[in-house]
Amino acid sequence: LRELTRVAREIGDGKLESRARLGDGPGEIGDLARSIDEMAERIQRQLSTQKELLATVSHELRTPLTSLRGYAETLLDGGLEDEARREGFVRVIRDQAERLQALVDDLLSLAELERPEAALRRERFDLRELIARQVGLFAAAAERGGLKLVLEGEGPVEANADRARLEQVIANLLDNAIKYSEPGAPVALTARAADGWLTIEVRDRGVGIPSRDLDRIFERFYRVDRARSRSTGGTGLGLAIVRNVAHAHDGDVTVESREGEGSTFRLRVPMLASVAPLFREDG
């Protein structure tokens, strides 16, 4: 017990490398020692993750901030009098400010989803109607890329979930599909309810994802092609948000992909059988 007390105090003082070394002991003392050692290891991993996240966020912020400062200084040093170039400078400043805003918004969204006390705002709604609205919002972007958005299936799909969070999921998946699809290829969306699950699928025939990256694409700031991802304006947080929304609903998200053939993202969340039907046969 004296040894366990010593280790607990050292961990409390920030010495997370301290271990009880009594985990092979029998009985309740051994169980307690193993629990303390496991707790210290979890805290170490969490701190390491936080440090890595802070370093990554700092790096992601540095690029647009440097660009903003550089173009602002150019304008102040005489660029305002250069009519042929000043509009371009201002557009770059606006674009970089929008990039910063998107990054901050996504970070706040992730922070909210990861709070232990975070609660979903469930409501009943037609999932297909929600997806149809998102398709309409992305129609112009798809048209610019020469893509066709296809919403498959017919009839309403009853959902009891956090509408705003599922809108985030659809928007992020649809945005990725458009950015990484080849011109002329379709992007198909499907919503269905079956076997106690609500399922949303987004399929594209784009560049695909290398198999070595499939296990990591839902990590924060992980990019398969960093140069291309930056050029398309993504924050690197969209798929992390999708995963967190799925987990918040006690669901999951998976991806199937082949390079050069496209990707299928599939989000599944459980239906709540106790909820009264939203749609009835009599309308």
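A: Two strands are said to pair if DSSP finds at least two bridges between them, and the strands themselves (E, at least two residues), like the helices (H or I, at least four), are DSSP runs numbered from the N terminus. The model is predicted, so that local features need pLDDT of at least 70 and side-chain atom pairs count only at pLDDT 80 or more, while totals for chains, interfaces and linings use all residues. Residues are numbered from 1 along each chain as its sequence is written, and side-chain values use heavy atoms, with hydrogens and water left out.

Strand S4 (residues 186-194) and strand S5 (residues 197-204) pair in the antiparallel sense, and eight bridges join them. Val187 stands opposite Asp204 in S5, and Ala194 has Trp197 of S5 as its bridge partner. The hairpin of S4 and S5 has two residues between the strands, and within this hairpin Asp195 takes a positive phi near 55°. S4 also pairs with S2, here in the parallel sense and over four bridges, with Leu189 in S4 as the bridge partner of Leu151.

These strands belong to an open sheet of five, in the order S2-S4-S5-S7-S6 and with mixed pairing. Strand S2 (148-151) and strand S6 (252-258) each have a single partner strand and stand at the edges, so one side of each is left without a neighbour in the sheet. On average, neighbouring strands of this sheet are turned by 15° against each other, direction ignored. Helix H8 (residues 238-248) packs on the sheet, where it touches S6 and strand S7 (262-270), and the direction of H8 makes about 140° with that of S6. Contact here means heavy atoms within 4.5 Å, and axes are lines fitted to C-alpha atoms (for helices over the stretch in contact), with angles from 0 to 180 degrees between N-to-C directions.

H8 also packs against two other helices. H6 and H8 meet at an angle of about 145°, and their axes are 9 Å apart. H6 passes H8 in a left-handed crossing, a term used if the near helix is turned anticlockwise from the far one by less than a right angle, with right-handed for clockwise. From H6 the contact takes in Arg165, Leu166, Gln168, Val169, Asn172, Leu173 and Asn176, and from H8 Gly238, Leu239, Ile241, Val242 and Val245. By class, these residues are seven nonpolar, four polar and one charged, where Ala, Val, Leu, Ile, Met, Phe, Trp, Tyr, Cys and Pro count as nonpolar, Asp, Glu, Lys and Arg as charged, and the others, Gly among them, as polar.

The other partner is helix H3 (residues 83-114), whose axis comes within 10 Å of that of H8 and crosses it at roughly 20°. This makes H3 roughly parallel to H8, since angles under 35 degrees count as roughly parallel, over 145 as roughly antiparallel, 65 to 115 as roughly perpendicular and the rest as oblique. The crossing of H3 and H8 is left-handed. Asp106, Ser109, Leu110, Leu113 and Glu114 of H3 make the contact with Ala240, Ile241, Asn244 and Val245 of H8, a set with five nonpolar, two polar and two charged residues.

Rings of Phe, Tyr and Trp (its six-membered ring) pair if their centres lie within 6.5 Å, and planes under 30 degrees apart count as stacked, over 60 as edge-to-face and the rest as tilted. By this rule there are two aromatic pairs, one of which is formed by Phe218 and Phe265, edge-to-face, at 6.2 Å centre to centre and 85° between the planes. Phe218 lies in the loop between S5 and helix H7 (226-232) and Phe265 in strand S7, so the pair ties together parts that are 47 residues apart in sequence.
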